[in-house]
Amino acid sequence: MPTDLTSLDGPAICKRLPHHGDVCQIERIVSADETRLIAETRAHQRDDNPLCVGGQLGAFAGVEMAGQAMALHLALQSNDNAPAGEGMITRAKSLNPRVERLDELVGPLQITVTCEAHAGEMARYGFTLAHEGAVILEGGLSVWLTNGI
């Protein structure tokens, strides 16, 4: 894992994800280690965010943000410069939103993903999205890695 991940900007982060352009939701890495990644984003405030439906960004768009943070963590675990392999979320569990919309929140969101298990083509993470120190969405995601990480 690179030692100074905080120097990675949005484009450098997107190069490590299978998501490109406006679909990429992660803007900055706060910290990362072998089991956890903390990232920040203001993508929820973009008028052109492709996750918006009817001009609104619902709380469950945070699941995609967490999925991208998972993919980034897995990519950083496997190779410093390699993009994440493609994967598919196979299970979302215990989703607990505490807001209805993300686009109404001013300031950055903090996304924390914690690897609970990773074996072969499967990985399971717990995640939280927080705004101003308060958790606004939490849950767990399992992913099947379709071309390996």
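**Hairpins around strand 5**

In the hairpin formed by strand 4 and strand 5, two residues lie between the strands, and Gly-120 among the residues of this hairpin takes a positive phi near 60 degrees. The model is a predicted one, in which local features need pLDDT of at least 70, side-chain atom pairs count only at pLDDT 80 or more, and totals for chains, interfaces and linings use all residues. Residues are numbered from 1 along each chain as its sequence is written, and side-chain values use heavy atoms, with hydrogens and water left out. Helices (H or I, at least four residues) and strands (E, at least two) are DSSP runs, numbered from the N terminus.

- Strand 4 (residues 109-119) and strand 5 run antiparallel and are joined by ten bridges; two strands pair if DSSP finds at least two bridges between them.
- His-118 has Ala-123 in strand 5 as its bridge partner.
- Cys-115 stands opposite Tyr-125 in strand 5.
- Strand 5 and strand 6 (residues 134-145) also run antiparallel, with ten bridges joining them.
- The bridge partner of Tyr-125 in strand 6 is Leu-141.
- The hairpin of strand 5 and strand 6 has two residues between the strands, and Glu-132 takes a positive phi near 50 degrees there.

**Burial**

- Strand 5 (residues 122-131) has seven of its ten residues buried, so the rest of the structure largely encloses this strand; buried means under 20% relative accessible area, exposed over 50%, and partly exposed in between (1.4 Å probe, protein chains only).
- Cys-115 is buried, with a relative accessible area of 19%.

- Six strands form an open sheet in the order 1-2-4-5-6-3, with antiparallel pairing.
- Strand 1 and strand 3 (87-97) stand at the edges with a single partner strand each, so one side of each has no neighbour in the sheet.
- Helix 2 (residues 61-78) packs on the sheet and touches strand 1, strand 2 (36-41), strand 3, strand 4, strand 5 and strand 6; contact means heavy atoms within 4.5 Å.

**The disulfide**

- The structure holds one disulfide, a term for a pair of cysteine sulfur atoms within 2.5 Å.
- Cys-14 and Cys-24 form this disulfide, with their sulfur atoms 2.1 Å apart.
- Cys-14 lies in helix 1 (residues 10-14) and Cys-24 in the loop between helix 1 and strand 1 (28-32), so the pair ties together parts ten residues apart in sequence.
- The torsion about the S-S bond of Cys-14 and Cys-24 is about -110 degrees, so the disulfide is left-handed.

Notes:
Axes fitted to C-alpha atoms, helices over the stretch in contact; angles between N-to-C directions.
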